[in-house]
Structure formats: C-alpha cells, structure tokens
Amino acid sequence: MIGGMSGSSLYLDGVSVVFDGFRALNNLSLIIEPGELRAIIGPNGAGKTTMMDIVTGKTRPTTGVVRFGEHDLTRLDEPAIANLGIGRKFQKPTVFDALTVFENLELALKAPRDPWSCLRWVLGAPARRRIEGVMEEIGLAERARDRAAILSHGQRQWLEIGMLLMQEPQLLLVDEPVAGMTDQETEHTAALLRRIAGQRSVVVVEHDLEFVRALGEKVTVLCEGTVLSEGSIDHVQNDPRVIEVYLGR
Ligand SMILES: Nc1ncnc2c1ncn2[C@@H]1O[C@H](COP(=O)(O)OP(=O)(O)OP(=O)(O)O)[C@@H](O)[C@H]1O
Ligand SMILES: [Mg+2]
C-alpha cells in the first residue's frame, strides 16, 4: 500500500480505450491516494466520463493497468467492483420522491447484495445512528422527515451522495455534481466533498472552475484521453497548454 494509510490507492497506468478506431483514452496514467480529493477537468470529449467507466467496470480498457489496492479491476465485473467499495454518483439522482430523507437513506442501507435480507430487516440502533450520521454529513439532518419531492435540486444531489455514503465506499466517483445548482448550493457541495474526503477518496469531474477552486485540492487536466497538466488550480490555470486547449476558448 502506498503511503501507509488505511484504504486503497486507485492506480491507472497506460490505459487506452479504443471505440471503433477512436481513442477515447490514450495512455492515461493516474494515481489517487487513499483519502485524496481530486478534481478532473478538461474539454468535452476529453475522456473524463470514460475514465470513470473504466474504474467502475462499465467499459473495458483496450490496454493498460487498472488497480484498486491489490485488486485488478480489469478482471472484475461491475457488481464485484461496487462490492470493493467503489461508488459512483450519476448526474440524474435516483432518490425516491415519495420517501423522506431518512427513508431514502434507510433504503440505501438495505439495498445491496441479498434481496431477501429486506424481508428480515429491522432497523436497529446502530443503523439508525448511521443514518443520522450521514444526514449530518450531507447537511440534511433538519430535513429528515421531509419527502424528497420537496427538496431543492441541490439537496436532492446531496441526498444521493448520502445514499452512496450509506454503503461506506472507499472511493467515490462524482461526475459533474454542481450542474444546475445555485451559487450557494455549489459552495455547499464543495464543502460537503471536502468533508467526506479523507475518510474515503473522492474523484470529482467538473467544468465549473470556481467550484474546483473551492475544493482546494490537486487538479488533473485531461485532454484527448491523456493527462495534459496536473497540480494546484493556479498551476493548471496558468499552464499555457491548458489555456490553449481548454481555458482560452
Ligand atoms: N460507448 C462509446 N462508444 C463510442 N464512443 C464513445 C463511447 N463512450 C464515449 N465515447 C467517445 O469517447 C470520447 C470521450 O467521451 P467522454 O464522455 O469520456 O468525454 P468527457 O470528457 O466526459 O466529456 P464531457 O465533458 O462532454 O462530459 C467522446 O468523443 C465520446 O463520443
Ligand atoms: Mg463526461
């Protein structure tokens, strides 16, 4: 294990993905340390979402190494990768409108693996405490009894993140979380992701550079399927190559 911390590193080395002759990823190498919060930016079609598809097993690399700790992710299917503790948030939330915040989180706790376990389910004190802990983490403790239907767009996204946290992921992948959010919701989302990283790794793809700046962590710029630049937001924003292909448009 790198760095001696608990948890696993995500390790991509020389990853290429070819769709009908088109290289969506081109010799991509990337390491995410345990507990790290990493932002990924880059122009449309740079391969950001494809990179997440590779990690979750949705897409297979044509060549290259993809490891999570000691696990070779290229040999595992999507459910097996999810079971390793790799969670993914899609842009469209899958919260249940008719259920309350609490009930949505309760459902996320029961959801996995054995479908029959639901039938035997009784919500014990430890489970209740975990739901309450996650509601605090996502800033919705005061909304516990409110139906998801009446939440704002931003609050629904946070609830979705909370549902992923119920599964206690080691690595969370988040694709464009602040699209459609108000400025204040965007700020809250940056604070939320800062809060939840550390205990697990978080990789967040986003075009909103104010949001990426608010995350205050290392930024990777992808372009044409490979890493163009990496470093602080100030470093990458001042990198002439990044300005040319991404920022200067
Ligand atoms: N299943 C697929 N079959 C064929 N081409 C694909 C497939 N998935 C992605 N691509 C292509 O690969 C390239 C990279 O796409 P990807 O969605 O990863 O980009 P992105 O960086 O997430 O872009 P955006 O910022 O627009 O979300 C695009 O040209 C896309 O059309
Ligand atoms: Mg994308």
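Predicted model: local features only at pLDDT ≥ 70, side-chain atom pairs only at ≥ 80, totals over all residues.
Residues are numbered from 1 along each chain as its sequence is written, and local features need pLDDT of at least 70, with side-chain atom pairs counted only at pLDDT 80 or more. Side-chain values use heavy atoms, without hydrogens and water.

Colleague: Is Arg88 buried or exposed?

Modeller: Arg88 is found in strand β6, residues 86–89. Buried means under 20% relative accessible area, exposed over 50% and partly exposed in between, with a 1.4 Å probe and protein chains only. Because its relative accessibility is 12%, Arg88 counts as buried.

Colleague: Which side chain is joined to that of Arg88 by a polar contact of 2.8 Å?

Modeller: A polar contact is a pair of N or O atoms within 3.5 Å; within protein, one must be able to donate a hydrogen and the other to accept it, and residues adjacent in sequence count only if both atoms are side-chain atoms. The side chain of Thr56 makes such a contact with that of Arg88 at 3.4 Å. The partner at 2.8 Å is Asp53.

Colleague: What share of ligand 1 does the protein bury?

Modeller: A backbone N or O atom of Gly45 lies 2.9 Å from an oxygen atom of ligand 1. A polar side-chain atom of Thr49 is 2.8 Å from an oxygen atom of the ligand. Taken alone, ligand 1 exposes 640 Å² (Shrake-Rupley method, 1.4 Å probe), and the share buried by the protein is 60%.

Note on methods:
Chains lettered and ligands numbered in written order. Helix = DSSP H or I, 4+ residues; strand = E, 2+ residues; numbered from the N terminus.
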